Amino acid sequence: MSDNQNTAAKSGARTLEGRVISNKMNKTVTVLIERQVQHGLLGKIIRRSTKLHAQDDLGANEGDLVRIAECRPLSKTKHHRVVEIVTRAAV
């Protein structure tokens, strides 16, 4: 199954990095993606965030920085897969 994850990451699937904020579901984590955009009129930098559900076969915990990639829809709200755990959270 790790071959599928690696080929999905190499095949041009969109990858994002974010912080795990919840791992209370079975094999599913909630990842918070933060980005900075510039306000159209004022020009001020604004922080925007998005929460995504991702399939987790690697065992990520809360606070971990993970890389996720798009995949086929796995459930109603889950269409990303955890590709790698970039850094573990300090316990």
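Biologist: How many helices and strands are there in the chain?

Modeller: This is a predicted model, and the chain in it has one helix and five strands. Along the sequence they follow the pattern α-β-β-β-β-β.

Biologist: Which strands pair, and in what sense, starting with β1 and β2?

Modeller: β1 and β2 are antiparallel, with four bridges, and Met25 stands opposite Thr28 in β2. Between β2 and β3 there are 11 bridges, again in the antiparallel sense, and Glu34 has Ser49 of β3 as its bridge partner. β4 and β5 are antiparallel too, joined by six bridges; Ala69, for instance, has Arg81 as its partner in β5.

Biologist: What makes β3 and β5 count as a pair, and do they run parallel or antiparallel?

Modeller: Pairing needs at least two bridges, and two bridges join β3 (residues 45-55) to β5. They therefore count as paired, and they run parallel. One place to look is His53, whose bridge partner in β5 is Lys78.

Biologist: Where do the hairpins turn, and which residue has a positive phi in the turn between β1 and β2?

Modeller: The β1-β2 hairpin has two residues between its strands, and Lys27 in that turn has a positive phi of about 60 degrees. In the β2-β3 hairpin six residues lie between the strands, and Gly43 in the turn has a positive phi of about 85 degrees.

Biologist: Why is Asn26 called exposed?

Modeller: Exposed means over 50% relative accessible area. Asn26 has 74%, so it is exposed. Asn26 sits in the loop between β1 (15-25) and β2 (28-38), and its C-alpha atom is separated by 9.1 Å from that of Gln55, 29 residues apart along the chain.

Biologist: Now to Lys78. How do you know that Lys78 has no salt bridge?

Modeller: A salt bridge needs a side-chain nitrogen of Lys or Arg within 4 Å of a carboxyl oxygen of Asp or Glu. For Lys78, the nearest side chain of opposite charge is Asp57, 7.7 Å away, so there is no salt bridge, although Lys78 is buried.

Biologist: Then what makes the link between Lys78 and Thr28 a polar contact?

Modeller: The cut-off for the pair of N or O atoms is 3.5 Å. The side chains of Lys78 and Thr28 are at 2.9 Å, so the distance is within that limit and the pair is a polar contact. Lys78 lies in strand β5 (residues 78-87), and its contacts beyond four places in sequence include Lys27, His53, Ala54 and Gln55.

Biologist: How many salt bridges does a search of the whole structure find?

Modeller: The search finds six. One of them joins the side chains of Glu17 and Arg67 at 2.4 Å, N to O. This pair links distant parts of the chain, with Glu17 in strand β1 and Arg67 in strand β4, 50 residues apart. Glu17, Arg67 and Glu84 are linked in a network of salt bridges.

Biologist: Why does the pair of Arg47 and Glu34 count as a salt bridge?

Modeller: Their side chains meet at 3.9 Å, N to O, which is within 4 Å, so the pair counts as a salt bridge. Arg47 is in strand β3 and Glu34 in strand β2, 13 residues apart. Arg47 is exposed at 57% relative accessibility, whereas Glu34 is partly exposed at 47%.

Biologist: And why is Asp64 called buried?

Modeller: Buried means under 20% relative accessible area. Asp64 is at 1%, so it counts as buried. The side chain of Asp64 meets that of Arg88 in a salt bridge (3.3 Å, N to O). Here the loop between β3 and β4, with Asp64, is linked to the segment after β5, with Arg88, 24 residues apart.

Biologist: Which residues make up the largest nonpolar core?

Modeller: This core has 11 residues, among them Val29, Val31, Leu52, Ala54, Ile68 and Val82. β2, β3, β4 and β5 each give two or more residues to this core, and β2 has the largest share, with three. Among the residues that Ala54 touches beyond four places in sequence are Val29, Val31, Ile68, Lys78 and Val82. In soluble globular proteins, nonpolar side chains tend to be buried together.

How values were computed: Residues are numbered from 1 along each chain as its sequence is written. This is a predicted model: local features need pLDDT of at least 70, side-chain atom pairs count only at pLDDT 80 or more; totals for chains, interfaces and linings use all residues. Side-chain values use heavy atoms; hydrogens and water are left out. Buried means under 20% relative accessible area, exposed over 50%, partly exposed in between (1.4 Å probe, protein chains only). Lys and Arg count as positive and Asp and Glu as negative; His and the chain ends are not counted. A polar contact is a pair of N or O atoms within 3.5 Å; within protein, one must be able to donate a hydrogen and the other to accept it, and residues adjacent in sequence count only if both atoms are side-chain atoms. Contact means heavy atoms within 4.5 Å. A nonpolar core is a set of buried Ala, Val, Leu, Ile, Met, Phe, Trp, Tyr and Cys residues joined through side-chain atoms within 4.5 Å.
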